[in-house]
Amino acid sequence: MAPTDVPARTRAFSLTREPLIAALALVGILTHLVLRYTVDITPVRASLPLYLVLGVGGSVLVVELAVKLARGQFGSDLLAGMSIVTAVLLGEYLAGSLVVLMLSGGQALESFAVGRASSALQALARRMPSIAHRQVNGTVEDVSLDVIAVGDHLTIFPHEICPVDGTVLDGHGSMDESYLTGEPFVMSKGPGSEVFSGAINGDQALAVRAIRRAVDSRYARIMTVMHESEQRRPRLRRLGDQLGVIYTPIAVGLAVAAWWWSGDPVRFLAVLVVATPCPLLIAIPVAIIGSISLAARRGIVVRDPAVLEQVDRCRTIVLDKTGTLTYGEPTLTDRLIAPSFDAPRVLQLVASVERYSRHPLAPAILAAARADGLTLLQATDINERPGEGLEAVVEGERVRVVGRRQLEALGLGPQLPEGAGGLECMVTLDGRYAATFRFRDAPRDDSRSFIGHLWSRHHYNRVLLVSGDREQEVRYLAEHVGISEVHAGQSPEDKVAITRAEASRAPTLFIGDGINDAPALATATVGIAFGHQSEITAEAAGVVIMDTSLKRVDEFFHISRRMRRIALQSAVGGMVLSVAGMLLAFGGYLPPVVGAVFQEVIDLAAVLNALRAATPGGALSDY
């Protein structure tokens, strides 16, 4: 067995142990009651099932709690161990067995509730293939994903899910990448195109060279952050631990006082039984995972659950421009064609290359070609390196789409038209300047209403628009959406400085979608990344909005606020009911057995209330 298998085995054992102990306790208690009240048998023999419950299940739980105590992990579940030991010493075997059932059953219920709340996250793992078709010496063999190495040649059959990130070697087709966005997003693929794990292949088989191992692929990284979301515990959960540390001494003190006041050690046991386990330790993680699950179903990946608590405290919001308040889908507005070049031919060649690109300007060029009724041509030798533009060969002509600075560096500056506001790209054919295309990125339809409701609905005091674009473009957008504080022409370092300064004054939320936003996302109190264009951006953010929607941001605000409210309801409400039960036990009105049943009802109510966090519970947007 590989070393990496050990933690998985340990987790599996931990997940199945509590249900088994709970089942043993339930069967033992029921058997005891049947023997005691329906069969003519001595009390000692009728208690034999209880001895088994306490000897097997009780000892396992007590030892586990003792180990936690030795490690300095002092919480309210320690009360359960004290109750079990006290029950055995006082001969209250039924009460002790009920505590075993209560503790193990509560832990099993938590595992079940967390698993149910996490179902949307688990669905991502189920859709990933377990094998890949590797080409070896002219034949295709099926191998597991973990043996795929960088450089391996793979075949992706029609309608299969792409197993790893790679580059197309042969074949022309398309892939559905909607798993990244939550909306239809089909990309054409040809030799040189990049494919991503998790995407669904179209009607044509593709030959692909792996550029990353399966564990390093884009889909695996999404699964990793999903897993981290389930494992991390935010400050609100730690607050629950702190409340447990305070609650436990109070419960023990009340139990000792009950014993001293009445002179009956059974009264001590009764108070402990009612006090354990504290529902806040069960309900809060259920509410957290439920909220993460609800967010995932809305296309919101919560990488760091701590942001569920923090975002509601933010009072300053810093927004990037392109792709955040705009659609990030520029429209082709001007076509400046150089002399001796045919305008339709230039657009046809450029569109034939751009259909293999993920650049934000590519959809605008393709839309313009479709509107003109142009037929796209086959492209080969496709190359798109960051910062170097897009290059390919179409019908023997080498087409290159680049920025102004690249052509100026090649000495073609004098041939270029004057710069203007907005976005632009330059085209060369076989090394000769051919055209300049200009674009404008439209504001989102709901940008103005989203900005307008931040003050009244979410109590933001300041809203800043920070962008690396030209002043003219940024001012135009700011006036359109209703933002007065504008910072244009900002570098990534400038964005960090602005965000750090704002975060030093008040909790600050930063929303962006580009690689240059990653440092600012990491600097802000809470960072929300839009879309999937940059893995670096997603890594820096606490939340990733997969379908790039301001409405999803507002939904996350409401999910966060509701999670906090439900978690505190469950925790505080459970503690109040437990304290009421302890006072009844202090007065002798709740014997140990009845107190155990009373506490089980409290725990069940707390968990059921916490499960509400996994459901919308009404509208999740208010603008």
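**Exercise 1. Is Y51 buried, partly exposed or exposed, and what is its relative accessible area?**

Solution. Start with the ground rules. This is a predicted model, where local features need pLDDT of at least 70, side-chain atom pairs count only at pLDDT 80 or more, and totals for chains, interfaces and linings use all residues. Residues are numbered from 1 along each chain as its sequence is written, and side-chain values use heavy atoms, with hydrogens and water left out.

Now take the cut-offs. Buried means under 20% relative accessible area, exposed means over 50%, and partly exposed lies in between (1.4 Å probe, protein chains only). Y51 has a relative accessible area of 32%. Y51 is therefore partly exposed.

**Exercise 2. Describe the chain as a whole.**

Solution. Begin with secondary structure. The chain has 21 helices and 22 strands. Helices (H or I, at least four residues) and strands (E, at least two) are DSSP runs, numbered from the N terminus.

Next, burial. Of the 623 residues in the chain, 49% are buried.

Then contacts, meaning heavy atoms within 4.5 Å. Among contacts with a separation of 6 or more, 68% are between residues 24 or more positions apart.

Last, disulfides. A disulfide is a covalent bond between the sulfur atoms of two cysteines. The test is a pair of cysteine sulfur atoms within 2.5 Å. The structure holds zero disulfides.

**Exercise 3. Work through two of the aromatic pairs.**

Solution. A pair of aromatic rings is described by the distance of the centres and the angle of the planes. Rings of Phe, Tyr and Trp (its six-membered ring) pair if their centres lie within 6.5 Å; planes under 30 degrees apart count as stacked, over 60 as edge-to-face and the rest as tilted.

A search of the whole structure finds five aromatic pairs. One of them is Y51 with Y93, edge-to-face, at 5.1 Å centre to centre and 85 degrees between the planes. This pair links distant parts of the chain: Y51 is in helix α3 (residues 48-70) and Y93 in helix α5 (residues 93-117), 42 residues apart. Y93 is partly exposed, at 26% relative accessibility.

F450 and Y623 form another edge-to-face pair, with 5.7 Å between centres and 70 degrees between planes. F450 lies in helix α15 (residues 447-458) and Y623 in the segment after α21 (592-610), so the pair ties together parts that are 173 residues apart in sequence. F450 is buried, with 0% relative accessible area. Y623 is partly exposed, at 29%.

**Exercise 4. Which residues does H453 touch, not counting residues up to four places away in sequence?**

Solution. Locate H453: it lies in helix α15. Check its burial: H453 is buried, with a relative accessible area of 5%. List the partners: H453 touches H458, D554, D622 and Y623.

Then look for a polar contact. This is a pair of N or O atoms within 3.5 Å; within protein, one must be able to donate a hydrogen and the other to accept it, and residues adjacent in sequence count only if both atoms are side-chain atoms. The side chains of H453 and H458 are joined by a polar contact of 3.2 Å.
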